[in-house]
Amino acid sequence: MTKTLLAFLQALSVASFSVFLLLPSIAAEIKTLTIMADSRPMILFEKFGFTHTGHVFVSVTGVSVASTLSSPDPSRLGFFLLSEESLLQVLLELQQNPSFCVLDSPNILSLFTFRDLSPPTHASFNRSYPVSSPNEYSLFFANCAPESQVTMNVRTEVYNIDNGKTKDFLSAGQTQLPTLYFLFSIAYFVFLGFWIHTCYRNKRSVHRIHMLMAVLLLMKALNLICAAEDKHYVKVTGTPHGWDVLFYIFQFIRVVLLFTVIVLVGTGWSFLKPFLQGKEKKVLMIVIPLQVLANVASIVIGETGPFIKDWMTWNKLFLLVDIICCCAIIFPIVWSIRSLRETSKTDGKAARNLAKLTLFRQFYIVVIGYLYFTRIVVFALRTIAAYRYQWVSNAAEEIASLVFYLVMFYMFRPAEKNEYFVLDEEEEEAAMAALRDEEFEL
């Protein structure tokens, strides 16, 4: 069991570090932002998958450049597009010549430089550019003027045109997400109906954990319906129209509930014992505040972008907290398995304890598999899939989540006769022998 857990944690750490190195696609929408006294040589604004009808609109106003040296050359500051294929070439050019200005690279698609700005009284510029070559591009601002700081207001719009007239503000690989999330939300509402029906039919076996699991299903369904509306409005108008606020609220509740339910189920709370031990309470006291912090980081990452100076720090924080929480929720399951193995040798109820051990062992494997798939396999799909098929990784993550919910809810469903209450006298001796031989090593 220890080797399995260590191997999983090692793989999770490697994948999380890889996610940090490869920046995720920013939610493409109309963005208005302010850059204040920024000296960074390159600033990433957007990452977007264009079709052959793609357009990018950039507007800058209130531009000022302060330098401790002589007046900077305005042609050394400007905006450009960079494809994923050309990124490695540009990085190689910078590595070979640290003083090289990326605006001079033949591998970029230059939009405009500060030489094109209107006179200093206004210091503004705006223009729309067609993208004729379909690909995934990143919109950058480059500052090659040494010892200079830039202040400006920037408005960006990136979109594809559908049917010759309709703007689609979602990346080519994400335009299917509104429909995808809506279908999964329907699936969870149906799931919730079946769960309520099951609880009603088995009233005597319903515990507090089953009520909490019902609330989890409701939050997951509402989270997905808000995600669908959020993406739909971004797709059509470029702004979420407030649906992003509801999305983050339900996401916060859903994530906290999910980790809480896994911990409580792993401890056997309410159906095996009516209380939590001290170390189990400590796990919840660690996981819940960390999930609050993770959701704050998620909001900052989702609602801003890499153009803010601390964006990478928030990414690191989110990944670190996610790893800690994934590790923490596994320990209560391991503790329950060890506790059942020890008590089974003294309480004379081998068959019942054998069934409980089997169930917790299966739950341990299910949780490990879910975390491994959603953190590592989904990341692999996101990195190897073409930009037009980025939605496949979202679909895989939602399918894995639905399967995990189905398995977990089935394993711990309320029933008058389930794995916790099975007593088979004929198998008592076999159960005692199995426990004596330590056949339940994970």
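# Links and a surface patch in a predicted model

Student: Which residue does R382 meet in a salt bridge, and how far apart are the N and O atoms?
Tutor: In this predicted model, the side chain of R382 meets that of E397 in a salt bridge, with 3.9 Å from N to O.

Student: How many salt bridges does the structure hold?
Tutor: There are 9 salt bridges in the structure, and one of them joins the side chains of R115 and D73, where N and O are 3.7 Å apart. This pair links distant parts of the chain, since R115 sits in the loop between β5 and β6 (125-131) while D73 sits in the loop between β3 (54-67) and β4 (77-83), 42 residues apart.

Student: What about cover there, say for R115 and D73?
Tutor: R115 is exposed, with a relative accessible area of 57%, whereas D73 is partly exposed at 35%.

Student: Okay, which residue forms a salt bridge with R155?
Tutor: R155 forms a salt bridge with E157, and the closest N and O atoms of that pair are 2.9 Å apart. R155 counts as partly exposed at 33% relative accessibility, but E157, at 11%, counts as buried.

Student: Switching topic: how many disulfides does a search of the whole structure find?
Tutor: The search finds 1 disulfide, and this link joins C101 to C144 with 2.1 Å from S to S. C101 is in the loop between α2 (84-96) and β5 (109-113), and C144 is in the loop between β7 (135-143) and β8 (148-162), so the two cysteines tie together parts that are 43 residues apart in sequence.

Student: What sort of bond is a disulfide, in general?
Tutor: In general, a disulfide is a covalent bond between the sulfur atoms of two cysteines.

Student: Is the link of C101 and C144 right-handed or left-handed?
Tutor: The link of C101 and C144 is right-handed, with 85 degrees about the S-S bond.

Student: Are C101 and C144 buried or partly exposed?
Tutor: C101 counts as buried at 5% relative accessibility, while C144, at 25%, counts as partly exposed. As for another cysteine, C327 is in no disulfide, and the nearest cysteine sulfur, which belongs to C326, is 6.9 Å away. C327 counts as buried at 15% relative accessibility.

Student: Now the surface: which residues form the nonpolar patch?
Tutor: The nonpolar patch on the surface is formed by V245, L246, I249, F252, I253, I288, V292 and V296, which together have about 560 Å² of accessible area. Helices α5 (243-267) and α6 (278-303) each supply at least two residues of this patch, and the largest share, 5 residues, comes from α5.

Student: What does α5 reach from end to end, and what comes just after?
Tutor: From its first C-alpha to its last, α5 reaches 36 Å, which is close to the 36 Å expected for its 25 residues at 1.5 Å a residue. Just after α5, G268 takes a positive phi of about 80 degrees.

Conventions
Residues numbered from 1 in each chain as written. Predicted model: local features only at pLDDT ≥ 70, side-chain atom pairs only at ≥ 80, totals over all residues. Heavy atoms only, no water. Disulfide = S-S within 2.5 Å. Helix = DSSP H or I, 4+ residues; strand = E, 2+ residues; numbered from the N terminus. Buried < 20%, exposed > 50% of the residue type's maximum accessible area, 1.4 Å probe, protein only. Salt bridge = Lys/Arg side-chain N within 4 Å of Asp/Glu carboxyl O. Patch = residues over 30% accessible without salt bridge, like charges linked within 9 Å, V, L, I, M, F, W, Y side chains within 5 Å. Areas by Shrake-Rupley, 256 points an atom, 1.4 Å probe, with all protein chains shown as cover. Expected span 1.5 Å × (residues − 1).
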